[in-house]
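This report covers side-chain pairing and core packing in one model. The sequence and structure follow.

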Amino acid sequence: MFKKTLTKLQCIDCQSADLELKPNTATKRTDDDEVSYGEIRCKECDKSSPILAGVALLVDDPEEYIYQHAKGIRRYLDRTFLPKTFHDAYDTALGEIDDSAVQEDLETERVTALYIINHYLKARDFWNPNASPAIGELITKYWDTGPFQIIANYLKKTSPQHHAMIELGCGTGGLGATLSANLNSYLGVDDSFSSIAFARSLYFAKTESVPVSIPQDLINGHLSKTVNIPKPEMKDTDVDFIVSNIENPALQKNRYTLTAALNLIDMLFEPTSLPRLQKDLLRDGGIAVQSSPYIWHENISKELRKE
């Protein structure tokens, strides 16, 4: 996490903005601008939130979060960098993984890969026009004119100034890259460690592109294929990504001129909380962008039906 991001955050327990960064200097992975390992501590209530591989975990129960997301966390950091207080939860979670979870893991990889394709690749970057002429015609016609581009075109026409933007449920951060010409700051928030860690590895890569393995049946064939995702061009933009629960986010209010929440409302047990949150985050006269999928998440639908 970048040190300047701290000024945009508040404690999720007491809502105090009096926070301090405490880098773990023993890891030797902290510089003047960024903390890769350490914690954020609230000076009011002493709430502690860990920072792992540059990702701040601003959640109600960090230990439970690490238990639930252990597989994703394992991809981005070695256990030796995990604070000892979380070792038991982490080891227990990994110990419960068995062969029956392999198929679920493969499906998760496919969904993540599809998000990455959707967020970062143009049709010409991945589609083989000889694979299926009918599908190829649809992809060529509509792929590059989806929601991200619609939002970008809207901003260019109606609000061309550079925005301070926050995206709720940002996934791998593709919208920020698409809107880069209209932004002077961007904060991506999601509850997925894997998505936030990938976004940070791409945006802040030392190279011009990052290789990503994509199941090729999503492109053409049955085997995985390595695709180079170009690094987003955000040279003069203040950018960062954090993990936080959208229903109890660690975010200061009235700081942004643009908020976006795409295909997020269907994941919330209290859907009405999302437009309220967007309003609270905006300055007067700010813009809130929201999209809704056709089908609500199965678990959320069951709970809403009970009410």
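Which kind of contact do the side chains of Lys8 and Asp238 meet in? They meet in a salt bridge, at 3.2 Å from N to O; the term stands for a side-chain nitrogen of Lys or Arg within 4 Å of a carboxyl oxygen of Asp or Glu. Lys8 lies in the segment before strand E1 (19–23) and Asp238 in strand E9 (residues 238–244), so the pair ties together parts that are 230 residues apart in sequence.

The model is predicted: local features need pLDDT of at least 70 and side-chain atom pairs count only at pLDDT 80 or more, while totals for chains, interfaces and linings use all residues. Residues are numbered from 1 along each chain as its sequence is written, and side-chain values use heavy atoms, with hydrogens and water left out. Helices (H or I, at least four residues) and strands (E, at least two) are DSSP runs, numbered from the N terminus.

**Salt bridges**

The structure holds nine salt bridges. Lys4, Lys8 and Asp238 are linked in a network of them. Buried means under 20% relative accessible area, exposed over 50%, and partly exposed in between (1.4 Å probe, protein chains only). Lys8 is buried at 7%, as is Asp238 at 18%.

Lys253, in the loop between E9 and E10, and Asp280, in helix H10, are 27 residues apart in sequence. Lys253 is partly exposed at 49% relative accessibility, and Asp280 is partly exposed at 30%.

**Helix H10**

In H10 (residues 273–281), Ser273, Leu274, Leu277, Gln278 and Leu281 are buried. Seen down the helix axis, the buried residues fall within an arc of 135°, so they line one face; the arc is that of the directions from the axis to the C-beta atoms. They pack against strands E5 (163–168), E10 (256–262) and E11 (282–291).

**Nonpolar cores**

A nonpolar core is a set of buried Ala, Val, Leu, Ile, Met, Phe, Trp, Tyr and Cys residues joined through side-chain atoms within 4.5 Å. The largest has 52 residues, and Leu179 and Phe193 have the most contacts inside it. Its largest share, seven residues, comes from H9. Apart from this core lies another of 30 residues, among them Val35, Ala56, Ala250 and Leu274. Phe193 is buried, with a relative accessible area of 0%.

How values were computed:
Contact = heavy atoms within 4.5 Å.
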